[in-house]
Every structure is written in structure tokens, then in C-alpha cells.
Amino acid sequence: MLEVKDLKASIGDTEILRGLSLDVGAGEVHAIMGPNGSGKSTLALVIAGHDDYKVTSGSVTYQGSDLLELEPEERARKGIFLGFQYPVEIPGVNNAYLLKAAVNAKRKHQGLDEMDAFEFLKLAKEKMALLDMDPKFLNRGVNEGFSGGEKKRNEILQMAMLEPSLAILDETDSGLDIDALRAVAQGVNALRSPDRAIVLVTHYQRLLDYVEPDHVHVLSEGRIARSGDKSLALELEEKGYDWVREAATG
Amino acid sequence: MKSPKLSFDALRAFVDNLPDDGLAASRQAALEHLHKNGLPTTGDEDWKYTDLTMIVDIGNRWLEGQGQQPLPAEIGGTVDEICSSIDADWLIVLGGQIDERSLAEFSPSGVSIRRLTESANDLLFDAPLSDLNTALLQDGLRIRVDGDAALRRPIGILVIDDAMAGAVMSQIRIEIEVMASGSASFVEYHASTGSADSYTNSVTSLDLGDGSCADYVRIQDRALHHNHTSRLAVTTGQDSAFNHCAFDLGGRMIRNDIAIDITEPGGQIAFDGLYLVGDGQHVDNHTRADHRVGPAESHQEYRGILTGKARGVWNGKAIVHQGADGTDAEQANHNLLLSDNAEVDAKPELEIYADDVKCSHGTTVGQLDETSLFYLRTRGLSEHEAKQVLTRAFAQAIVSKSPISSIHDMLAEKISQRLGELMHGADA
């Protein structure tokens with residue numbers, strides 16, 4: 001599904017990813033952990049196509065073709081979804097409007113007819129029920145005045161509507177109370193399937209109690225310092241990030 | 001400094017030839033005032049960004065042609081289209097003349113209408129261009145809304161000009177009075193057709209009685225090569241409410257002045273505006289609120305969207321006079337520049353001579369938010385779509401807060417269409 005090879009990326013003059021390699025196969029859930037500044041969010045943003053980040057070497061292949069030459073919207077239409085660490089408030093743009101435009105942009109790319117209003121509303125309400133979201137959120141501005149937890153649920157709602165092939169969730173668990181965390185986890189688990197890959201970028205082990213990963217990677221200074229199964233996350237929780245940093249440098 | 005010169009002899013000859021109607025005395029007085037003071041120039045602080053040379057040239061050419069007011073023949077379709085797009089009781093002004101039929105058909109009870117030509121008038125012309133307006137005025141309306149009038153829908157005033165050949169100049173004057181406890185809403189709509197040059201100068205006054213309420217929306221959607229200056233002077237009664245919103249969608253050289261005089265306590269005033277300005281257009285909004293007594297509130301927010309080589313001006317003046325304690329005056333002006341060549345001059349002016357007041361102002365000039373653009377693109381919207389969505393949202397904030405909710409959809413549709421044109425092809 002996704003192959004990242006020896007990826008180096010910078011913002012301005014600062015190199016953040018320093019030769020990162022990662023293979024994510026269909027049906028797998030990967031957790032990417034690491035201390036602040038280790039490059040977790042940069043990796044997510046580079047995959048989504050943020051042009052503040054310049055890729056200086058290495059490659060990213062998605063479903064067999066070069067991902068880096070595509071615009072962000074083309075990546076989205078081909079099934080890549082980024083759940084933002086800080087979802088943007090866009091006053092004046094209706095939540096339902098954005099959801100519908102997003103779904104239809106993808107359908108158009110796939111050669112499908114646009115979803116009509118009735119069909120759309122039915123699907124949106126179904127997904128919202130799963131996330132324990134009030135249907136009233138559909139008629140509000142995108143994330144406008146939403147609480148932290150509501151914003152994250154809204155990201156998961158978008159993901160559920162778009163049914164991506166590759167979902168990258170950037171610290172979706174941060175700042176959530178336990179109910180919101182459960183709802184988000186439920187949304188993620190509902191999406192698990194053999195033809196879909198999920199990458200969870202997280203600082204804490206907490207989310208992994210609810211969404212069990214197949215692989216856990218620890219990032220340090222722009223590289224993967226350690227990979228393992230879910231037990232790595234527990235070990236990390238116990239020993240702290242210094243342990244990885246020491247292991248990486250020592 | 002440029003000083004546009006109106007050919008005064010031709011002007012006097014034209015005015016002397018007009019019929020001896022109820023406007024004759026006002027016209028002569030205004031003519032003398034104009035002769036003495038001349039038109040504003042870019043040397044005047046309030047006019048430094050707006051050069052009237054082009055407008056004066058149209059006026060002179062129009063006078064050379066003996067002030068021909070071509071009979072608008074071809075604009076019936078445009079009139080019907082506009083009048084049917086807004087549910088209102090319409091009064092129509094064609095080329096500076098009141099349309100007899102719309103006057104005869106106007107029927108809301110509790111509203112009386114008189115033509116200014118019918119009886120002697122003593123019109124005020126205390127501001128630049130209002131003397132030009134009065135000197136050349138051939139027709140005008142006085143609208144009075146009774147305190148107990150129960151209006152079902154807005155009163156619409158359509159000012160439309162057709163410039164078929166040469167150069168056309170027209171003046172219109174509307175004097176509105178809402179009596180104590182009265183309530184009414186107004187839509188003032190400006191449009192124009194024809195390929196020749198055109199300049200329209202409109203002056204409106206609105207007197208609000210004690211405890212009255214007026215909602216007022218002005219839509220300026222003139223042809224992109226036509227020019228317009230407007231002035232709205234409002235006086236507010238005790239505990240009266242005035243909600244105004246102006247939409248400038250078309251026109252080439254546009255200058256709007258609003259002056260709100262708060263002489264009685266308890267006024268609640270909101271005046272907002274949106275201007276969409278494209279390549280070669282110039283839109284200048286000057287607003288002024290005089291808080292002479294307190295308590296009273298005035299809130300204003302103007303937003304502008306500029307593309308190509310567009311020029312925008314916003315100047316908001318709030319004067320809190322001595323003793324106007326309890327004043328709450330708020331001004332905001334936000335501009336979205338969608339091209340490198342667009343330019344806007346934003347200037348808030350607060351003058352405070354009272355102690356117990358709350359005043360604030362803020363202006364911004366910026367581009368679309370990059371983070372929001374990226375967010376929308378990661379949801380599959382193209383860069384162009386994302387820009388359009390964000391730009392529409394920026395404009396929609398003013399539509400949503402404008403009075404007369406029955407025309408919100410129509411406005412949103414018109415704005416979206418105009419933005420589509422402005423952003424078409426351009427890297428905007």
C-alpha cells in the first residue's frame with residue numbers, strides 16, 4: 001500500500017526527516033510513536049502533500065505509483081486521508097457542504113455519479129450515530145466553535161464518509177476525554193478492513209488500548225529507531241522515550 | 001492634485017431651461033453653492049483616493065449634448081428581472097425620472113409617496129456632490145411610513161440607467177421618513193445597461209422617528225464600465241434602530257458616503273457592507289457616525305474582496321461628541337486581496353470627546369488562510385475550488401448579518417456568481 005524509502009524532508013533550512021523508511025501493507029494498522037519534534041507530524045504532512053515541506057531525497061510509493069508528484073487533492077481522491085492534529089475552523093463553510101463536496105470529489109475521480117442529497121444525509125446520519133455525534137453538527141461551520149473532542153470526532157466522521165484506503169491519524173487521541181477517545185477508537189475500528197491501512201501517529205500508548213496495532217514504530221530524530229509489535233508501545237510507556245534515544249545513539 | 005472642472009456655463013444654461021417646478025428654488029440655490037465650492041478634488045482629505053476627473057468628463061460631455069436623457073426603451077427586461085428577484089413593493093427610477101406606472105401601482109397602506117417636483121421643496125445640499133445632485137435634480141421621491149403601517153414586504157427602490165450613446169449623467173433624490181414607532185424595510189437597488197458612458201449620483205436621506213426601526217439594504221450592481229456616487233444621510237430618533245447593509249458588486253468608479261447623525265439617546269445602529277472589486281474597478285466607502293448623545297450603539301463591519309488590478313478604499317469615521325456618554329462604537333474592516341496588484345486603503349478614524357465610552361476598531365488586509373486551503377485540498381477539493389469556497393465564506397459573513405433575511409439567498413447567489421467571474425482564470 002505505502003512504501004516510504006529513505007525519506008529526507010526539510011522545512012526551510014531545517015531537516016526533519018533524515019532517512020525514514022516504512023512499509024505499510026493493506027489490512028495493517030501501524031502506530032508511529034515518538035517524542036515531540038521527532039518528525040511524526042512531518043511524516044503525516046509529507047504524505048498528505050503539504051508544500052511547506054520539501055522532500056530532498058528518498059521516495060514515497062502509494063499503490064505502486066509515485067505519490068510525491070501528486071497534488072494534495074489528487075492524493076485525497078486516490079484514497080489518502082489525513083486526520084489533522086489541529087483541525088482547522090472554517091467559519092462560513094457548512095460542515096455538510098464540505099463532507100458532500102469531499103465525498104463527491106472522490107466519487108467523480110472514481111467515475112461514479114455524485115451522491116444525491118437524500119443518500120448523503122442518510123449516510124452521514126448513520127456515521128454520526130456511530131460516533132455519538134449530534135446531527136446538528138452538519139449545519140454548523142466546519143469545526144466552528146467545536147470543542148477539542150468535537151473537532152476530532154468530526155475528523156473521524158470525514159474519514160468514515162470518505163472510506164479511505166490509507167488513513168493517517170495525526171495525534172487524533174490528544175486532548176480527548178475518555179468518552180471521546182472511545183468514540184474515536186470505535187470509528188477507527190469500524191474502518192479496519194483487509195483492503196485498508198491505518199497509520200496512527202500518537203504520543204501516548206492510551207489510544208492503543210482501544211485500537212490494537214499490528215506494528216509499532218518509534219521515531220527519533222527523523223528516523224525509525226525501533227519497530228516491533230504492540231508490546232513495544234507498552235515497553236515505551238514504561239521506560240520513556242529516553243530509552244529509545246539512548247538505544248538509537250548508543 | 002487634480003481639480004476637475006465642470007463646465008459651469010453649460011450647467012447653468014441647462015438648469016435655467018428646466019421647468020419651473022417644486023425643485024426650481026432648490027436647484028438655483030444649489031447651483032450657487034456648487035459654483036462657489038466646486039467639486040471635491042484629490043487635495044481634499046476625504047477624497048484623496050477618489051479622483052472625479054472621469055466623472056466630470058462624463059458630465060461635461062452630457063451637457064454638450066444638451067443633457068439628453070435617452071428614453072430607456074430596452075431595459076424593460078432587466079427591470080422585470082430585478083423586480084421579480086426580490087419580493088418587494090417597487091418604485092422605479094429610470095434615468096433620473098420616476099416611472100409613472102410603478103408610482104401608480106404602489107399600494108402598501110400606511111405609506112405615502114410624493115414627487116419632489118409637485119410641491120415647493122427646500123432641499124439640503126451640505127455635502128460634496130449633494131449640491132451637484134440638487135442643482136441638476138429633475139425628479140425625486142418623498143416616502144413617508146406611518147407609525148402604524150404594517151408592511152408585508154420591503155419597499156424596493158430600483159434606480160436604473162440606460163446609456164445607449166454618448167455620455168449620460170443622472171441624479172436622483174429620495175427622502176424617507178419613518179414616523180415614530182414605525183417600522184419598515186427598504187431595498188435600494190442600482191443597475192445600469194448600455195455600452196456608452198454613464199454616471200449616476202444618488203442622494204438619500206432617512207429620518208427615523210422615536211422608537212422606529214428601519215432595515216435597509218443597498219445593492220449596487222451596475223455595469224462594469226458605469227460610475228456611481230451615492231450619499232445616505234440618516235438621523236436617528238430616540239430608541240430607534242437602524243440596520244443597514246451595502247453590497248457593491250459592480251460599477252467602475254464607485255464612491256459611497258454614509259453619514260449617521262445620532263441626536264437622540266437609545267439608538268441601535270448597525271451598518272455593514274461588502275465590496276467585490278475586480279480589475280479596473282474602484283470602490284470607495286466613506287462612513288461617518290456622529291454620536292452627539294448617549295447612550296447609543298453603532299457597529300459597523302465592511303468586508304472587501306479584491307482581484308486583479310482592483311482598488312478599494314474604506315474610511316470609517318466615528319465621532320463621539322462631548323457629553324455623549326454611554327456610547328458604544330465599533331468599527332471593523334477586513335479585506336481579502338486575491339492578487340498581487342490589488343490595493344486597498346483602510347482607515348479607521350475615532351475621535352472621542354466624551355469620557356464614558358466604549359470604542360473599538362480593527363482593520364485587516366490579507367490573503368486566504370493557507371492552512372484552511374490545505375485542509376480543504378486534503379479533502380479532495382481542487383485548489384481553485386478551495387479558494388472559491390473560502391472566499392464565498394468570507395463574503396457570506398456579511399450576507400448572514402445583513403437585515404431582510406428574505407433576500408439572503410438571492411444575495412448569496414449573486415455574490416457567488418460575481419466571485420466566479422472575478423476568480424475565473426486568474427490565479428486567485
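D239(B) is found in the loop that links β10 (227-236) to β11 (241-248) of chain B. In this predicted model, the phi angle of D239(B) is near 50 degrees, a positive value in a residue other than glycine. With 18 other C-beta atoms within 10 Å, D239(B) is classed as partly exposed, since a buried residue would need 20 or more such atoms. A positive phi, near 60 degrees, is also found at I404(B), again a residue other than glycine. I404(B) lies in the loop between α8 and α9 (408-423) of chain B. The count for I404(B) is 19 other C-beta atoms within 10 Å, and this residue is therefore partly exposed, the threshold for a buried residue being 20. A further backbone feature of chain B concerns the peptide bond from G294(B) to P295(B), which is cis, with omega near -5 degrees. P295(B) is placed in the loop between β14 (282-291) and β15 (296-306) of chain B.

Helix packing was examined in both chains. Two packed helices are described by the angle between their axes and the distance between the axes. In chain B, the axes of α7(B) and α8(B) are 9 Å apart, and the helices pack at an angle of about 125 degrees. This angle makes α7(B) oblique to α8(B), and their crossing is right-handed. On the α7(B) side, the contact is made by S372(B), L373(B), L376(B) and R377(B); α8(B) contributes E383(B), A386(B), K387(B), V389(B) and L390(B). By class, the residues of this contact comprise five nonpolar, one polar and three charged.

In chain A, helix α4 (residues 117-130) and helix α5 (residues 148-162) have axes that come within 10 Å and cross at roughly 130 degrees. The two helices are therefore oblique to each other, and α4(A) passes α5(A) in a right-handed crossing. From α4(A), the residues L123(A), A124(A), K127(A), M128(A) and L130(A) meet L157(A), A160(A) and M161(A) of α5(A). The contact of α4(A) with α5(A) consists of seven nonpolar residues and one charged residue, with no polar residue.

The contact between the chains involves 15 residues of chain B and 19 residues of chain A. On the side of chain B that touches chain A, the elements giving two or more residues are α7 (370-377) and α8 (383-401) of chain B. Seven nonpolar, six polar and two charged residues make up this side of chain B. The pair of helices that supplies these residues is also the pair that packs at about 125 degrees within chain B.

In soluble globular proteins, nonpolar side chains tend to be buried together. The largest nonpolar core of the model has 185 residues, of which I168(A), L200(A), L158(B) and L276(B) touch the most other members. The element that gives the most to this core is α8(B), with seven residues. For L200(A), the contacts beyond its neighbours within four places in sequence are V29(A), A31(A), I32(A), L169(A), L207(A), V211(A) and P213(A).

Terms used. Residues numbered from 1 in each chain as written. Chains lettered and ligands numbered in written order. Predicted model: local features only at pLDDT ≥ 70, side-chain atom pairs only at ≥ 80, totals over all residues. Contact = placed C-beta atoms within 7 Å. Helix = DSSP H or I, 4+ residues; strand = E, 2+ residues; numbered from the N terminus. Nonpolar A, V, L, I, M, F, W, Y, C, P; charged D, E, K, R; others polar. Core = buried A, V, L, I, M, F, W, Y, C linked by C-beta atoms within 7 Å. Buried ≥ 20, exposed ≤ 12 C-beta atoms within 10 Å, placed from the backbone. Axes fitted to C-alpha atoms, helices over the stretch in contact; angles between N-to-C directions. Parallel < 35°, antiparallel > 145°, perpendicular 65-115°, else oblique. Left-handed = near helix turned anticlockwise from the far one by under 90°.
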